[in-house]
Amino acid sequence: MTFVSTDNILNKLKPFGRLQIILLITSAYIQCFTPLMEQCIVFLAATPEHHCILQEGYYKNQSIPLEGDIDVSQVYSSCREYVQPGIYNDTQDCQNGWEFSTDVYGETIISEWDLVCTNNPAAELGQSILHVGGMVGAFAFGMLADRFGRRPSILLAFLLYDIFCLVICLSPNFASFLVFRFFGGVAHMGIWICINSIVSEYMIPKYRSIAMTVPSVLFSVGLMFMSLLAFLIRDWRYLQLAITAPVVLATFGIWFLPESLRWLMNDAKKEEAVNQLIEKLAKINGTEVPKDIYYQTEPIPAKDIFTIYAGDLSLNCDERLNNSTVQHSSDGEQNNLEKTVKDIESNNIDETKERLEGDVQSKSEEKKTYLDLFKPPVLHVTIVLSVLRFTLTVVYFGFALSTGRLSGDPYLNFFYSALVEVPARILSPFIYGWFRRTYVLSFCHFMCFAALTVILLIPDQTKNGTDLGTLKVWLSLLGKFFITMTLGGLLLLIMELNPTPLRNMGNGWTLCVGRIGAILAPFMLYVDKYLQNFSTILMAALSLVTAFSILTLPDTRKTTQPQTIEDLRQIMKPRNKKKKPEMTEQRNEAFQPDSRVENDKEDEE
């Protein structure tokens, strides 16, 4: 049995009913608290002011040398001490450890395990290892969700997240901390992939933009909430526990999420599960089960299966058979077609129909792999979206992790950095609904390039001594505003351009590429200590390249999600072709929710 368009079914079951509202609330809650794991390293691995432990009987000015430009300002060294205190002679590395200030950050992994001086990149390593796990999780859970379903995959991801994020609180040393962060990153990415897929696949195109972007506002709200938690909880172990507890509570609610209807309908073997799920969805949304959710179920007379015209063969297979199966191009398929014609002429209709139905079922059961992402026409989508994802993560984390360089209170600085994301996330669904998605994405990346270029060109102060540091701060916040806006468009393009059998794999692949960017971002900022403005130049270059490459993709505002690769091929046709693409997906009524379906099957003359 072949079902009608998934969008049409969802439209009949109320396109924005009780189920969709529940999914939005669930997604908003998850996106509020799971991202805290991603950026909590700012506080967990904050480096307090420190200096070598003073030798007994000596004061700080007798034991610790001064560093810095004598004409500007000098500070006590964090990593050196006098060999003989009080004599101001040669210096050496700290011999007895370090003394850390608890005035600002309290206890962090840096102060607990002495991760300073020669262990200086520890914070960068702690952040990068999470994204290494995220890259593995994107690959693994992308494949698991496509193969075994969205629901079992997200349940597994939540279970792993709860276990490893709680165990982080008990880490006895830095090595175990990194191991637990790695597996926490795997689970974190699994949750992110699966919840985005479930929400997107239960939305018709009219509501998909809002569904994918509005819950993301809670992402920024969660980050602002974390700055408050970090201010109140000055011990890294208890802070880790506080940001994990809400996710543990959410695990119990995830058990009640339904499987993706779109994923089930893509598997011919799950016909009974589809029927049961549709009945359940109708009950949740308070509607009746549509009578025309699938095509002809009774045996079709042989005369209705094929119609043969003199001088021309026109095969009108019943709509249960995918039309694409009778479009043959190779020699082997041509022979199969000739055999079909002979069978028809000899009235061997039953055998012919059975063979064609078997071909359809074998096609629907064909399992896709990651290699299919690199075959035309999916290859074009994969390359462009990978570039977009890489640029997003590098530039976003470049802005986010550099907020510690700003003067002032670190908790307020982090709060402001998260606050600037809120208007970007609120505006996203409207902007991407009003204008072509690729144009908006290109404009946002170009504005990032412009902001970074100005930051690069202006000095720290004018010749008259006017400080321009505040201007650079505002430009950085402007750049973060625009790069945050690109996330909503990226998620929409991933869900709207990848065919259903490859959707989670495509999402998983781009997330893997994005994780590479997130892994490199902390070390990119670290290189600034040796190559001035390196991170700014790199982020500006990536933004400019992405601004142009994104324009090669088609507009997806008013297209259905492609169910097959052939659907994507039709969407990717050159824009100068005026003919409306004929999708293997049936007529989509999701853009006209007030219309009524006259017939799912047109009369044949």
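Biologist: Which helix gives the most to the lining of the largest cavity?

Modeller: Helix 18 does, with five residues. Please keep in mind throughout that this is a predicted model.

Biologist: What is the volume of the largest cavity?

Modeller: The volume is about 230 Å³. The largest cavity is lined by 16 residues, and those closest to its centre are Glu38, Trp192, Arg389, Leu487 and Arg515.

Biologist: How does the lining of the largest cavity divide by class: how many nonpolar, polar and charged residues?

Modeller: There are nine nonpolar, three polar and four charged residues in the lining of the largest cavity.

Biologist: How many cavities of 30 Å³ or more does the structure hold?

Modeller: It holds four. The second largest cavity contains about 60 Å³ of space. Its lining consists of Phe43, Tyr105, Glu107, Ala230, Ile233, Arg234, Asp235, Trp236, Leu239 and Tyr411.

Biologist: And by class, what is in the lining of the second largest cavity?

Modeller: Seven of the lining residues of the second largest cavity are nonpolar and three are charged, with no polar residues.

Biologist: Let us change topic to the cysteines. How many disulfides are there?

Modeller: The structure holds two disulfides. One of them joins cysteine 52 to cysteine 94, with an S to S distance of 1.7 Å.

Biologist: Is the link of cysteine 52 and cysteine 94 left-handed or right-handed?

Modeller: It is left-handed, with -65° about the S-S bond. Both cysteine 52 and cysteine 94 are buried.

Biologist: What about cysteine 79 and cysteine 117?

Modeller: Cysteine 79 and cysteine 117 form a disulfide with their sulfur atoms 1.9 Å apart. Cysteine 79 sits in the loop between strand 3 (75-76) and strand 4 (80-82), and cysteine 117 in the loop between helix 6 (109-112) and helix 7 (122-148), so this pair connects parts that are 38 residues apart in sequence.

Biologist: Why is the disulfide of cysteine 79 and cysteine 117 called left-handed?

Modeller: It is called left-handed because the torsion about its S-S bond is about -100°.

Biologist: What is the pairing when the bonded cysteines are numbered in sequence order?

Modeller: The pairing is 1-3, 2-4. Cysteine 40, however, is in no disulfide, and the nearest cysteine sulfur, that of cysteine 165, is 8.2 Å away.

Biologist: Is cysteine 40 buried or exposed?

Modeller: Cysteine 40 counts as buried because its relative accessibility is 0%. Cysteine 194 counts as buried at 0% relative accessibility.

Biologist: On to charged pairs. How many salt bridges are found in the whole structure?

Modeller: A search finds eight salt bridges. Side chains of opposite charge can pair when their charged atoms come close.

Biologist: What is the N to O distance between aspartate 146 and arginine 150?

Modeller: The distance is 2.9 Å, and the two side chains form a salt bridge. Aspartate 146 and arginine 150 are both buried.

Biologist: Which residues are linked in a network of salt bridges?

Modeller: Glu421, Arg425 and Lys480 are. Between arginine 425 and glutamate 421, the closest N and O atoms are 3.1 Å apart.

Biologist: Why are arginine 425 and glutamate 421 separated by about one helical turn?

Modeller: Because they are four residues apart in helix 20 (residues 421-434). Both arginine 425 and glutamate 421 are buried.

Biologist: And what of arginine 557 and aspartate 555?

Modeller: Their side chains meet in a salt bridge, at 3.0 Å from N to O. Arginine 557 is partly exposed, with a relative accessible area of 28%. Aspartate 555 is partly exposed too, at 24%.

Technical notes:
Residues numbered from 1 in each chain as written. Predicted model: local features only at pLDDT ≥ 70, side-chain atom pairs only at ≥ 80, totals over all residues. Heavy atoms only, no water. Disulfide = S-S within 2.5 Å. Buried < 20%, exposed > 50% of the residue type's maximum accessible area, 1.4 Å probe, protein only. Helix = DSSP H or I, 4+ residues; strand = E, 2+ residues; numbered from the N terminus. 1 Å grid on protein atoms, 1.4 Å probe; cavity = no way out; pocket = protein on both sides within 12 Å on 5 of 7 lines; lining within 4 Å. Points joined across faces, edges and corners; volume = space filled by probe spheres on them. Nonpolar A, V, L, I, M, F, W, Y, C, P; charged D, E, K, R; others polar. Salt bridge = Lys/Arg side-chain N within 4 Å of Asp/Glu carboxyl O.
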